[in-house]
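I opened my notebook to look at one structure.

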Amino acid sequence: TKWVIKWKTRKRKAEKKMKEKIKTGLELFAFFFKIGCFTFGGGWSILAQMEQEFVDKRGWMTKSDLLELIAVGKSLPGIMVANITLLFGYQMAGVLGGICAAIGLCIPAVVTLTIVTAIYDAIKDNYWVWSALKGVQCAVAPIIGGAAISLGKDALTSAMPIIICAVAFVLCYFTSISNLTLVAAGVVIALVWMGVSEHGHA
């Protein structure tokens, strides 16, 4: 009898946990579907929306958590924002959450690109379409800049990160060094710096 009671209790807990994951997965799908439909400017603009929704509004994660996801997602092969979305969804609701978040983000882009491809010849030289896209570019720039400043405040907390950031910016802007090389170099420098610091404190 005790075994049956324990089994039923575990089953109820497992069912409750699964319902919570399904609910969270659907919320993630809805959110990423929304920003997939209405966010322009690429991955960094989407990350700004994620910061507002999940850091500032819901408190599901901290800025440090988001920065870690960005670092990992940018280091992996594939599309940066898709990697980050998948990792975030997995962190929030397991495999189901990752799948829901990624699908929600990708569906609007796939549908939009399908439609644009079908009518591309009709709109590619349209003055009004060109003007609208220019307006979108102007509106997106401050959104991306605001996210960079907000996340930068949490990442650049001492002299060494500021130096690494400044050097990486100069190399990225004025040379043809790939972003992956810069990220890898930043990881190596940070590990060496942390090792030296720990050795010095020991």
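**Entry 1. What I am looking at.** I am working from a predicted model. I kept that in mind for each entry below.

Entry 2. I started with α2, residues 43–57. I counted 15 residues in α2. From first C-alpha to last, α2 reaches 20 Å, close to the 21 Å expected at 1.5 Å a residue. I then looked for a bend. α2 bends by about 25° at Glu 51. After α2 comes Gly 59, and its phi is positive, near 70°.

**Entry 3. What α2 hides.** Which residues of α2 are buried? I listed Gly 43, Ser 45, Ile 46, Leu 47, Ala 48, Met 50, Glu 51, Glu 53, Phe 54 and Val 55. I checked two of them one by one.

Glu 53 sits in α2. Its relative accessible area is 10%, so Glu 53 counts as buried, the cut-off being under 20%. Setting aside neighbours within four places in sequence, I found Glu 53 in contact with Phe 31 and Arg 58.

Gly 43 is also in α2. Gly 43 has a relative accessible area of 19%, and because buried means under 20%, Gly 43 is buried. Not counting residues up to four places away in sequence, Gly 43 touches Met 80 and Val 81. I also took a C-alpha to C-alpha distance: Gly 43 and Ala 82 are 8.4 Å apart in space, though 39 residues apart in sequence.

**Entry 4. α2 meets α4.** How do two packed helices get described? By the angle between their axes and the distance between the axes. For α2 and α4 (residues 80–123), the axes come within 8 Å and cross at roughly 35°. On the α2 side, the contact is made by Gly 43, Trp 44, Ile 46, Leu 47, Met 50 and Phe 54. On the α4 side, I noted Met 80, Val 81, Ile 84, Phe 88 and Leu 105. I sorted this contact by class: 10 nonpolar residues, 1 polar and no charged ones.

**Entry 5. Helix α4 alone.** A straight helix of 44 residues would span 64 Å at 1.5 Å a residue. α4 spans only 29 Å between its end C-alpha atoms. Where does α4 bend? I found the bend at Ala 93, and it is about 145°.

**Entry 6. The largest nonpolar core.** I counted 19 residues in this core. Which members touch the most others? They are Phe 32, Met 50, Phe 54, Met 61, Ile 84 and Phe 88. The elements that give two or more residues are α1 (2–38), α2, α3 (63–75) and α4. α4 gives the most, with 6 residues.

Leaving aside neighbours within four places in sequence, Met 50 is in contact with Phe 31, Phe 32, Val 55, Leu 66, Ile 84 and Phe 88.

Entry 7. Val 136 is in helix α5, residues 127–155. Is Val 136 buried, exposed or partly exposed? Its relative accessibility is 25%, so Val 136 counts as partly exposed.

Leu 180 is in helix α7, residues 179–201. Its relative accessibility is 54%, and exposed means over 50%, so Leu 180 counts as exposed. I took the distance from Leu 180 to Phe 88, C-alpha to C-alpha, and got 21 Å. These two are 92 residues apart along the chain.

Technical notes: Residues numbered from 1 in each chain as written. Predicted model: local features only at pLDDT ≥ 70, side-chain atom pairs only at ≥ 80, totals over all residues. Heavy atoms only, no water. Axes fitted to C-alpha atoms, helices over the stretch in contact; angles between N-to-C directions. Helix = DSSP H or I, 4+ residues; strand = E, 2+ residues; numbered from the N terminus. Contact = heavy atoms within 4.5 Å. Nonpolar A, V, L, I, M, F, W, Y, C, P; charged D, E, K, R; others polar. Core = buried A, V, L, I, M, F, W, Y, C linked by side-chain atoms within 4.5 Å. Buried < 20%, exposed > 50% of the residue type's maximum accessible area, 1.4 Å probe, protein only. Expected span 1.5 Å × (residues − 1). Bend = angle between axes of the 7 residues up to and from the residue.
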